[in-house]
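Let's take a friendly look at how parts of a protein pack against each other. Keep the picture at hand as you read.

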Amino acid sequence: MTPSRDISRLIEIMAQLRTPGTGCPWDLEQTFATIAPYTIEEAYEVAEAIARNDLVDLCDELGDLLLQVVFHARMAEEQNAFSFGDVVEAITRKMLRRHPHVFPDSSGYVAPSDVKGTWERIKAEEKAERAARKPKKEAPASGLLAGVKAGQPALARAMALQWKASTVGFDWNDPRAVLAKIREEADEIEAALDRGDKADIASETGDLMFALVNLARHVDADPEMALRGTNAKFERRFAYIEQTLVAKGRSLEDASLAEMDALWNEAKEREKERSTLTSS
């Protein structure tokens, strides 16, 4: 096979990768659930390329994201559920329906351009139609939290769930109460560690993260942005460790944990000094 600008070539490549016996062992063992994290990761990488205004990288990342769609569609086709063509047909039908102010109907009529109102009305109709198509046992829940989208990133969804519950008074009034909950969750993780129960440790870790998101909400901090800031801080300080060692003719592998920790604290102090000088 050779590269091509035709989408059919990508679909053929994926079909070959998923062919038992001759395909790729890794691709063959994947499922919707195992591929989903990669789909989310690729969407974030698209957003990151946009944030950097790197259009060359954006082209590459959009290709990676498109591959995710093709991968999911191929697995669905193997189960006789739907194909890539069905995905394309569904979204084109949806876009035509949602833009009656642009695309005329069979009579040539173009709807008035109350775009936002029309868009919301049609989305509501589509949602009702999807619900009607599902078996009763799969009908969406109708409780308070039912409107919180399940597909969004975990941090954002935790915030949304907490905010929704707070509208009926299920909330703390003081961030210090949330801090006490965080300490409680940390103690529960320690107890799970003592028991050596991996599943329980993971569950309690999730509870701690949920409580941390709650604290961020109470102090008006966006948890995603707060974590991004900490990631950047970690990168800066770790780079200082590496660069300092290189300047001494050393490598990370040569250094002890105690030595790296000392350099970490040194980087931390240097940041504090710079911050003091900037603010003075």
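This is a predicted model: local features need pLDDT of at least 70, side-chain atom pairs count only at pLDDT 80 or more; totals for chains, interfaces and linings use all residues.

Setting aside neighbours within four places in sequence, Met 75 is in contact with Arg 18, Gln 30, Thr 31, Phe 32 and Ile 35.

Met 75 and Ile 35 also belong to the largest nonpolar core, which has seven residues. Helix H4 (residues 55-78) gives the most to the core, with four residues. In soluble globular proteins, nonpolar side chains tend to be buried together.

## H8 beside H9

Now find helix H8 (residues 175-195) and helix H9 (residues 198-218), whose axes come within 9 Å and cross at roughly 165 degrees. Because angles over 145 degrees count as roughly antiparallel, H8 is roughly antiparallel to H9. Their crossing is left-handed.

The contact of H8 with H9 has 13 nonpolar, three polar and seven charged residues. Among them are Val 178, Leu 179 and Ile 182 in H8, and Ile 201, Leu 208 and Leu 212 in H9.

## H7 across H9

How does helix H7 (residues 154-166) pack with H9? The angle is about 65 degrees, with the axes 9 Å apart, which makes H7 roughly perpendicular to H9. Here the crossing is right-handed.

From H7, the contact uses Leu 155, Ala 158, Met 159, Gln 162, Trp 163 and Ser 166. H9 brings Phe 210, Val 213, Asn 214 and Arg 217. By class, the residues in this contact are six nonpolar, three polar and one charged.

Conventions
Residues are numbered from 1 along each chain as its sequence is written. Side-chain values use heavy atoms; hydrogens and water are left out. A nonpolar core is a set of buried Ala, Val, Leu, Ile, Met, Phe, Trp, Tyr and Cys residues joined through side-chain atoms within 4.5 Å. Buried means under 20% relative accessible area, exposed over 50%, partly exposed in between (1.4 Å probe, protein chains only). Helices (H or I, at least four residues) and strands (E, at least two) are DSSP runs, numbered from the N terminus. Contact means heavy atoms within 4.5 Å. Axes are lines fitted to C-alpha atoms, for helices over the stretch in contact, and angles run from 0 to 180 degrees between N-to-C directions. Angles under 35 degrees count as roughly parallel, over 145 as roughly antiparallel, 65 to 115 as roughly perpendicular and the rest as oblique. A crossing is left-handed if the near helix is turned anticlockwise from the far one by less than a right angle, and right-handed if clockwise. Ala, Val, Leu, Ile, Met, Phe, Trp, Tyr, Cys and Pro count as nonpolar, Asp, Glu, Lys and Arg as charged, and the others, Gly among them, as polar.
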